[in-house]
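Thanks for coming. I'll take you through one structure, starting at its surface and ending at its interface.

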Amino acid sequence: MSTRLFLVLTLAFALLQGSLLPTVFAEGLLIVLLVFSRGLKRSLPFIFLVGIVFDLFQSRAIGGSSLVFVMLAGASWYLRSYITPEKGLFLTGAVLAINLARNYFVFNSISVLPSIIIALISLGIFNILQPIVSSRRGYEVQ
Amino acid sequence: MARGKGLQIQSTFGVFLIFLTLSFLTYLAESKGAFKGLHGIVQNTTRPAREALYQVRQGLTLSTEIFTEYTRVNQKNAELETRVASLSSSLAELSSLREENKRMKLLLGTNLPPSWKFEAAKLVLSTGDEITLISLGGFVPEIGTPVVIAERDEGQTGDRGVYVGKVEKNIGEEVLVIKPSNSLSKIGVFVRNKDTGERRASGIVVGKGGEALLDQVLSGEKLAEGDLIVTSGEGKLPPELILGYVGKIFQNESSPWKQAEVKAVLQPDKLDYVFFISKY
């Protein structure tokens with residue numbers, strides 16, 4: 001995923017979420033797509049920025065979402081070598097974990113239905129993208 | 001190569017730690033109120049767009065709610081209509097059963113012989129010397145079939161059947177019945193003492209158009225006002241049906257007969273239901 005596309009999508013979802021879409025929805029998917037397409041090191045600045053943008057647009061304490069995103073993106077990146085389930089499921093689990101963690105630590109609630117919806121969407125996307133992701137040089141999920 | 005990879009991992013971890021620390025410090029600074037102004041700027045800038053999007057969401061939610069409510073109300077409406085139809089049907093059946101019960105009670109309450117068979121009819125019209133009935137239950141009476149009221153007016157009828165008339169003709173669903181006052185009517189009768197039931201005299205009740213007259217009573221036979229006039233059983237009519245009671249008595253000294261007014265027991269036009277005697 002290109003960083004430009006990532007930033008555009010970030011701004012769009014930050015605006016839509018809360019007003020039209022559920023408060024926590026697509027951020028987990030965006031982060032996982034970015035990390036596992038560009039690698040953790042190159043993604044971290046943007047992950048940090050995503051957190052800031054979402055906190056500003058949703059009137060939350062700045063830094064809270066960044067903390068959650070950076071921690072979980074790092075955790076999923078480092079765990080990818082140890083967990084060897086079906087790849088689409090692992091990535092979906094990472095998306096779900098990011099969303100639920102943000103829901104809990106930033107909004108003090110758990111939204112089950114939006115989480116299930118985004119998990120299903122993620123599973124679909126990863127299963128479609130997996131062959132494409134695997135063919136990209138250097139950042140294959142092992 | 002392994003060393004290179006190791007360095008890469010270490011630098012990735014280092015960057016990870018840097019941004020983790022940065023996030024933490026940002027959060028700390030926010031808790032001290034360092035970014036108040038920034039929040040205000042972003043909120044003011046994005047408010048119009050967020051409000052418009054929120055209204056779109058409200059509109060979609062409202063439409064969904066209206067549609068859901070519409071579907072629910074429609075479904076409820078259909079259920080209620082079915083229920084109303086069912087209840088209306090039950091009510092009609094109940095009304096019909098009540099009426100039948102009422103009629104049967106009338107019959108049971110009289111001293112009419114239980115071996116006789118009765119068919120109910122509804123009074124439609126009473127004019128002059130005729131009444132028009134509609135037979136209930138599909139019974140088609142023969143010409144001459146007697147029609148009675150089953151009444152429990154003990155003071156006047158002593159719990160007997162009261163003769164209303166006899167069938168003159170059938171006109172489709174309607175049955176034309178002639179009263180005793182009809183000029184075509186001639187009925188053989190007995191006169192009985194109202195209190196003792198003792199037979200006093202016999203005669204014929206003839207219709208004179210508008211009134212009935214007891215005729216051909218032998219002048220030697222006793223007649224008293226108030227005596228009951230009942231059918232004798234002649235002329236295809238069952239016996240002991242009350243026609244009326246003796247009113248004013250007329251006697252011509254030169255005539256072997258005496259006559260009397262026949263006073264009606266009941267007014268047929270005030271009735272709802274009467275009975276054909278289909279078998280006696």
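Which residues form a nonpolar patch on the surface? They are A:Tyr104, A:Phe105, A:Ile110, A:Val112, A:Ile116 and A:Leu120, and together they have about 660 Å² of accessible area. A patch here takes residues with over 30% relative accessible area and no salt bridge; like charges are joined within 9 Å, and nonpolar side chains (Val, Leu, Ile, Met, Phe, Trp, Tyr) within 5 Å. Areas come from the Shrake-Rupley method with a 1.4 Å probe, and for residues only the protein chains shown count as cover.

Ground rules. This is a predicted model: local features need pLDDT of at least 70, side-chain atom pairs count only at pLDDT 80 or more, and totals for chains, interfaces and linings use all residues. Residues are numbered from 1 along each chain as its sequence is written, chains are lettered from A and ligands numbered from 1 in the order in which they are written, and side-chain values use heavy atoms, with hydrogens and water left out.

Back to the patch. Helix H5 (87-107) and helix H6 (112-135) of chain A each supply at least two of its residues. The largest share, 3 residues, comes from H6(A). Helices (H or I, at least four residues) and strands (E, at least two) are DSSP runs, numbered from the N terminus. A:Phe105 sits in helix H5 of chain A. Why does A:Phe105 count as exposed? Because its relative accessibility is 60%. The classes are buried under 20% relative accessible area, exposed over 50%, and partly exposed in between (1.4 Å probe, protein chains only).

Now the chains. Chain A has 6 helices and 0 strands. Of its 142 residues, 49% count as buried. Take contacts, meaning heavy atoms within 4.5 Å. In chain A, among those between residues at least 6 apart in sequence, 70% join residues at least 24 apart. Chain A exposes about 6400 Å², with 69% of that supplied by carbon and sulfur atoms.

Chain B has 3 helices and 12 strands. Buried residues make up 35% of its 280 residues. Chain B exposes about 17200 Å², and carbon and sulfur atoms supply 55% of it.

Next, confidence. pLDDT is the predictor's confidence in each residue, from 0 to 100. Chain A averages 84, with 87% of the residues scoring at least 70. Over residues 137-142 of chain A the pLDDT is below 50, yet this stretch has 11 contacts in the model beyond near neighbours in sequence. Where pLDDT is low, the predicted coordinates should not be read in detail. Chain B has a mean of 84, and 90% of its residues reach 70 or more. Its lowest confidence is in helix H3 (residues 154-157) of chain B, at a mean of 47; its highest is in strand E6 (residues 186-192) of chain B, at 93. For the complex, the predictor gives an ipTM of 0.83 and a pTM of 0.50.

Last, the interface. How many residues of chain B are in contact with chain A? The count is 27, against 29 residues of chain A. About 2400 Å² is buried between the chains, and carbon and sulfur atoms give 76% of it. That is the accessible area (1.4 Å probe) that two parts lose on being put together, summed over both. In chain B, B:Phe16, B:Phe19 and B:Leu53 lose the most area to chain A, together 22% of what that side buries. Across this interface the rule finds 0 salt bridges, each being a side-chain nitrogen of Lys or Arg within 4 Å of a carboxyl oxygen of Asp or Glu.
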